[in-house]
Amino acid sequence: MAQYTKHPVSAPPRAPERESTGHLLLRGYIILVLFATFAHSAVYNLVGEIGAGIVLAAFVVVTLAIGIPMVSRRRPQAFAWRRLPWAATAYTVLALGSVAWSQWRGATLLTWALLAGVTVNALFIVHVLSWSEIVRALASAFKWILGLSLAIELWVALVVHGPILPNFFVRPDGEVNAHWYWVRGNLFDGERIQGIVGNSNLLAIISLFALITFGVRFAARARWRTTLALWSLLAAYFLVRAGSATAYACAAAAIVVLVVALLMRRTTTPGARTRLYVIFIGGAVVLAGAVWLLRGPLLSVLGRSADLTGRSDKIWEKVLERVAQHPLFGNGFSSPWVPFDPAFDRWIVDHGITVFHAHNMWLDVLMQLGVVGLVLMALAYLSLLWRSWFFAVDRPRWDLTSDREYSPLTLLPNLFTVVLLVQGLTESTPIMLWGWMLLVMLSFKIKSVPLVGVGERDRVIERGERARRVP
């Protein structure tokens, strides 16, 4: 029987190109690495500090086992050595060199191994995945964190009917400080929830990263957009229920930057961009001054004290005392502070728990690696902020064609960077673990692939997406 088709004979329909099994497994492994990095506190609470160290070491070994043969089979230039984030690399070298003058050598060596492991994984992810795949992998990791957070909150609230301690220890008799709990079981009582990561502030910032990632994929017309919208609702719910003032400030900053970037994309002349820069930079200065002058009332509205919940008088003053002892090269690298090291054990205590970072990434760097380290970290973040901004607002162009459409994916690095910088004012996580991974990963990727859609992996993915949308 004759068959008829609306497609011309010269262009028969073609199925989307499928990924190889090896690449699917590779992406699955990277999702696992991202999950373990962002949800590091969940791994710690589940298997303890020794188990968490073994997990990290195992990931580094597997990454090297996969990555070294891949690099050796290609040209040496394939790794784009000259595109490395050199300010971040110099900071890593300085951190290792600080062993020579460190006041806590054991903590320096231990935490530097953590820093190096995260750096290796970040460089590996950039080398093997395209921009589209990195965003997709981040979205998958965030879905696992959000989904497991909902599951454990429901389990604790409906089955356990009470808070649980790390490693599922049985609750002792008597009063226990609420800050010692992994999950407090507050899902239905209106209090702040912690999720699988065991920390409300961390759950809130991960939810914000998830909202940005899901939104970018939704705007890029990814498949299963209805499912993405549902995941976004869950992330927004966790962001609100976590009740983190820092996350709210990060979200406000990200919204402002997103609006400015979208307006910049609509301009057609350099003069129009200049006017927008003047308006928004001037407005930002005025707004920052107003927030600083009204910080007391604003913090009280958010349920926080004017000293930022004890940061200024309980933590920052003591950190500045150590900064004054060795201002140029610092006291020695340790991110995070190792709580069982004599130099940090019971040095600063909050709610009966030894504090493990300065709650300000700039003060933390200044105490550890002095002015030299502070300059290197500032260069690393300013370089990423600069590159990610123009990555977001400049129209993609690699030939004479100047009217290509913008990709929503190019907004993600800049929004992530803004969130990290704002968070760094009251937290030190942007210089350790997933914060450091994002810094290295985004810096290296923007320098090595400054245009979305240029690499071979991007072209394969785009052809597959176009084929799926053909009616």
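His161 counts as exposed, because its relative accessibility is 62% and the cut-off for exposed is over 50%. The model is predicted. His161 sits in the loop between helix 5 and helix 6 (200-219). Its phi is near 60°, a positive value in a residue other than glycine.

Arg221 also has a phi near 60°, and this residue too is not glycine. Arg221 is found in the loop between helix 6 and helix 7 (225-242). Most residues other than glycine have a negative phi, and most peptide bonds are trans.

## A cis peptide bond

Ser335 and Pro336 are joined by a cis peptide bond. Omega there is about 0°. Pro336 belongs to the loop between helix 11 (311-325) and strand 1 (349-350).

## Overall make-up

The protein has 15 helices and 2 strands. It contains 471 residues, and 48% of them count as buried.

Contacts can be sorted by sequence separation. Take those between residues at least 6 apart in sequence: 75% of them join residues at least 24 apart.

## Helix 5 against helix 13

Two packed helices are described by the angle between their axes and the distance between the axes. Helix 5 spans residues 131-160, and helix 13 spans residues 411-423. Their axes come within 11 Å and cross at roughly 50°. Helix 5 and helix 13 are therefore oblique to each other. An angle under 35 degrees would count as roughly parallel, and one from 65 to 115 as roughly perpendicular.

On the helix 5 side, the contact involves Trp131, Val135, Leu138 and Phe142. Helix 13 contributes Leu412, Pro413 and Phe416. The residues of this contact divide into 7 nonpolar, no polar and no charged.

## The salt bridge

Side chains of opposite charge can pair when their charged atoms come close. The count of salt bridges comes to 1. Arg273 pairs with Asp394, and the closest N and O atoms are 3.0 Å apart. The pair links distant parts of the chain, with the two residues 121 residues apart. Arg273 lies in helix 9 (residues 270-293). Asp394 lies in the loop between helix 12 (361-393) and helix 13.

Asp394, at 33% relative accessibility, counts as partly exposed.

Methods. Residues are numbered from 1 along each chain as its sequence is written. This is a predicted model: local features need pLDDT of at least 70, side-chain atom pairs count only at pLDDT 80 or more; totals for chains, interfaces and linings use all residues. Side-chain values use heavy atoms; hydrogens and water are left out. Axes are lines fitted to C-alpha atoms, for helices over the stretch in contact, and angles run from 0 to 180 degrees between N-to-C directions. Helices (H or I, at least four residues) and strands (E, at least two) are DSSP runs, numbered from the N terminus. Angles under 35 degrees count as roughly parallel, over 145 as roughly antiparallel, 65 to 115 as roughly perpendicular and the rest as oblique. Contact means heavy atoms within 4.5 Å. Ala, Val, Leu, Ile, Met, Phe, Trp, Tyr, Cys and Pro count as nonpolar, Asp, Glu, Lys and Arg as charged, and the others, Gly among them, as polar. Buried means under 20% relative accessible area, exposed over 50%, partly exposed in between (1.4 Å probe, protein chains only). A salt bridge is a side-chain nitrogen of Lys or Arg within 4 Å of a carboxyl oxygen of Asp or Glu.
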